[in-house]
Amino acid sequence: MASTRSPSPTGRERHGPPGPQAEARRWRALAVCLTAGFMTLLDVSIVNVALPSIRTGIGASQSGLQWVLSGYALAFGLVLVPAGRLGDVRGRRSVFMAGLLLFTTASALAGAAQNETWLVGARLLQGVAGGVLVPQVSGFIQQMFRGAERGRAFGLLGATIGVSTAVGPLLGGLLIQAFGTHEGWRWVFYVNLPIGAVALPLAYRLLPGPPRERSPAGRTDLDPFGVLLLGAGTVLFLLPFVQEQQWRGPLKWLLLVPALGLLAGFTAWERRYGRRRDPLVDLGLFRQRSYGLGTLLSLLYFAGFTSIFFVLTLYLQNGLHYSALEAGLSIMPFAVGSGVAAAVGGRVVTRIGRPLVAAGLVMVVVGLLGATLAVHLDSTRSIGLVTAGPLLFAGLGSGLVIAPNQTITLSEVPVARAGSAGGVLQTAQRIGSAAGIAAVGSVFFTRAGGRHGDWSGGLQAGLITATGLAVLALAIALADVFTGSAAHPREQGASGIRREAGEEQRRAG
């Protein structure tokens with residue numbers, strides 16, 4: 001009888017199911033990964049409510065404030081794929097720890113900033129560190145878990161993504177309330193220091209080291225020219241979106257032409273390079289239905305998902321003059337719903353598959369339309385209460401989208417490619433976020449801009465635009481459900497995780 005294998009906490013293959021001690025160690029290692037991932041994703045949203053405090057504290061210009069936000073997003077998206085590949089090739093633990101140390105250091109520098117140039121530089125460094133960390137997390141989940149357990153682990157990651165994105169404004173508001181408008185913004189960054197100090201030694205102790213197996217000599221490298229092409233193309237593509245409000249006029253969109261040219265050149269290079277060596281991105285992954293459709297769905301969903309918080313925060317703080325804390329509390333229902341549903345979705349995705357994602361997207365669409373109607377009927381300062389129900393419902397739906405989609409998308413990716421494949425998926429999320437904020441923000445500012453702007457009308461238009469992006473993601477999910485099950489029953493996104501779940505059950509038996 002052939003022996004079965006399962007991942008050990010050291011990252012090496014072991015025979016038979018893991019013992020109780022190894023089982024507990026894997027989940028503790030996951031907790032370290034999720035803590036670091038929470039920090040990096042929190043810093044995407046927490047800074048939004050701190051911008052008025054930063055302007056007061058160091059006299060930052062509007063352009064400088066924009067770069068505090070966009071610099072992080074640009075640097076983050078730039079390094080995701082190369083960092084994921086570096087972890088695949090050189091070992092994820094060492095790359096993870098380097099990213100965590102850099103992120104903690106950059107947070108200290110940001111908190112100590114004395115002027116906007118210093119702060120923008122620290123934020124760029126933070127973004128690089130976050131981009132190094134995040135793909136290692138999904139890589140570790142692929143490496144340490146199989147079958148239904150992997151779904152549960154991705155469910156916890158999905159809860160982390162949803163909660164960190166939505167809870168950022170609340171935590172930022174609490175910190176500014178506690179430490180004052182003039183200096184409170186510094187603690188938005190300093191809060192990372194004790195977390196990083198505790199997580200570093202735990203990462204060394206608990207995270208699996210590199211496996212014994214290595215690629216044949218001369219076959220594996222970091223594909224430096226591919227890194228250059230992808231990095232330049234990604235930056236040029238993101239710049240006009242993240243600077244949409246600062247760079248007036250249509251000329252900025254001309255950057256998309258060389259961006260698309262560089263990305264097309266990257267694709268051609270990877271095909272050619274892959275004949276001789278391991279490329280930075282294995283383009284064959286996109287021939288897998290689960291990976292190709294899941295990545296596109298993720299891009300569209302994040303375009304709508306992150307823009308919701310952007311326009312809501314602007315409306316509440318600038319339009320209704322909510323404090324940072326009040327704005328954060330108003331967005332909390334979405335965070336609560338997302339966190340609860342993501343944990344549940346991770347447990348059932350192996351049985352339901354892509355229909356679960358479609359159901360979650362329907363809930364998001366209904367919840368956002370409900371929030372839009374609530375704003376239309378009541379645009380007074382009680383808006384935080386009247387939108388609580390619809391946002392909670394949308395958050396529950398969001399929790400059934402992010403984690404299950406990530407589980408399905410990466411279900412058939414080889415573990416040796418987990419970091420770079422996860423990096424591509426997360427790059428799609430960052431591109432979607434930037435494009436969505438630019439598109440939804442543009443619609444919002446068209447109505448809300450000026451001295452006598454229609455803030456309520458701007459929010460309604462922005463929410464409808466975000467809903468439209470969620471509908472496009474729903475169309476992708478439904479196309480996979482109906483055409484996949486009928487025409488390609490073996491290529492459904494859930495097939496890989498279902499097979500692994502069956503293997504886990506046979507091992508247990």
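The legends below walk through several close-up views of this predicted model.

Residue numbers start from 1 along each chain as its sequence is written, and side-chain values rest on heavy atoms, with hydrogens and water left out. Because the model is predicted, local features need pLDDT of at least 70 and side-chain atom pairs count only at pLDDT 80 or more, while totals for chains, interfaces and linings use all residues.

**Figure 1. The whole protein, as a starting point.**
The protein has 19 helices and two strands; these are DSSP runs numbered from the N terminus, with helices being H or I of at least four residues and strands E of at least two. Of its 509 residues, 58% count as buried (buried means under 20% relative accessible area, exposed over 50% and partly exposed in between, with a 1.4 Å probe and protein chains only). Contacts are heavy atoms within 4.5 Å. Among those between residues at least 6 apart in sequence, 82% join residues at least 24 apart.

**Figure 2. Trp-27 and Phe-145, a tilted aromatic pair.**
The whole structure holds 19 aromatic pairs. Rings of Phe, Tyr and Trp (its six-membered ring) pair if their centres lie within 6.5 Å, and the planes count as stacked under 30 degrees apart, edge-to-face over 60 and tilted for the rest. Here the centres of Trp-27 and Phe-145 are 4.7 Å apart with the planes at 50°, so this pair is tilted. Trp-27 belongs to helix H1 (residues 20–45) and Phe-145 to the loop between helix H5 (116–144) and helix H6 (147–179), so the pair ties together parts 118 residues apart in sequence. Trp-27 is partly exposed at 26% relative accessibility, whereas Phe-145 is buried at 0%.

**Figure 3. Phe-286 and Tyr-291, an edge-to-face pair.**
These two rings, Phe-286 and Tyr-291, lie 5.2 Å centre to centre, with 70° between the planes.

**Figure 4. Arg-93 over the ring of Tyr-204.**
The charged end of Arg-93 sits over the Tyr-204 ring, 5.2 Å from the ring centre. For this description, NZ of Lys or CZ of Arg must be within 6 Å of the ring centre and within 35 degrees of the ring normal.

Five residues make up one aromatic cluster: Tyr-301, Phe-302, Phe-305, Phe-309 and Phe-334. Phe-309 is placed in helix H11 and is buried, with a relative accessible area of 4%. Although Phe-309 and Phe-334 are 25 residues apart along the chain, 9.7 Å separates their C-alpha atoms. Ser-398, in helix H15 (residues 388–399), is buried at 0%. Leaving aside residues up to four places away in sequence, Ser-398 touches Tyr-301, Phe-305, Phe-334, Ser-338 and Val-364. Ser-398 and Val-364 are 34 residues apart in sequence, with a C-alpha to C-alpha distance of 6.1 Å.

**Figure 5. The largest pocket.**
Of its 48 lining residues, Asn-48, Leu-51, Leu-69, Phe-310 and Ile-437 are the closest to its centre. Helix H17 (418–448) is among the elements giving two or more residues to the lining, and H17 gives the most, with nine. By class, the lining has 24 nonpolar, 19 polar and five charged residues (Ala, Val, Leu, Ile, Met, Phe, Trp, Tyr, Cys and Pro count as nonpolar, Asp, Glu, Lys and Arg as charged, and the others, Gly among them, as polar). On a 1 Å grid over the protein atoms alone, a pocket is an open set of points with protein on both sides within 12 Å along at least five of seven lines, a cavity is a set where a 1.4 Å probe fits but cannot get out, and lining residues have an atom within 4 Å of a point. Grid points are joined across faces, edges and corners, and a volume is the space filled by probe spheres set on the points.

**Figure 6. Two cavities.**
The whole structure contains two cavities of 30 Å³ or more. The largest holds about 60 Å³, and its lining residues include Tyr-301 and Phe-302. H11 gives the most to this lining, with four residues. The lining of the largest cavity divides into six nonpolar, four polar and no charged residues. The second largest cavity, of about 30 Å³, is lined by residues including Leu-312, Ser-330 and Thr-387. Its lining has five nonpolar, three polar and no charged residues.
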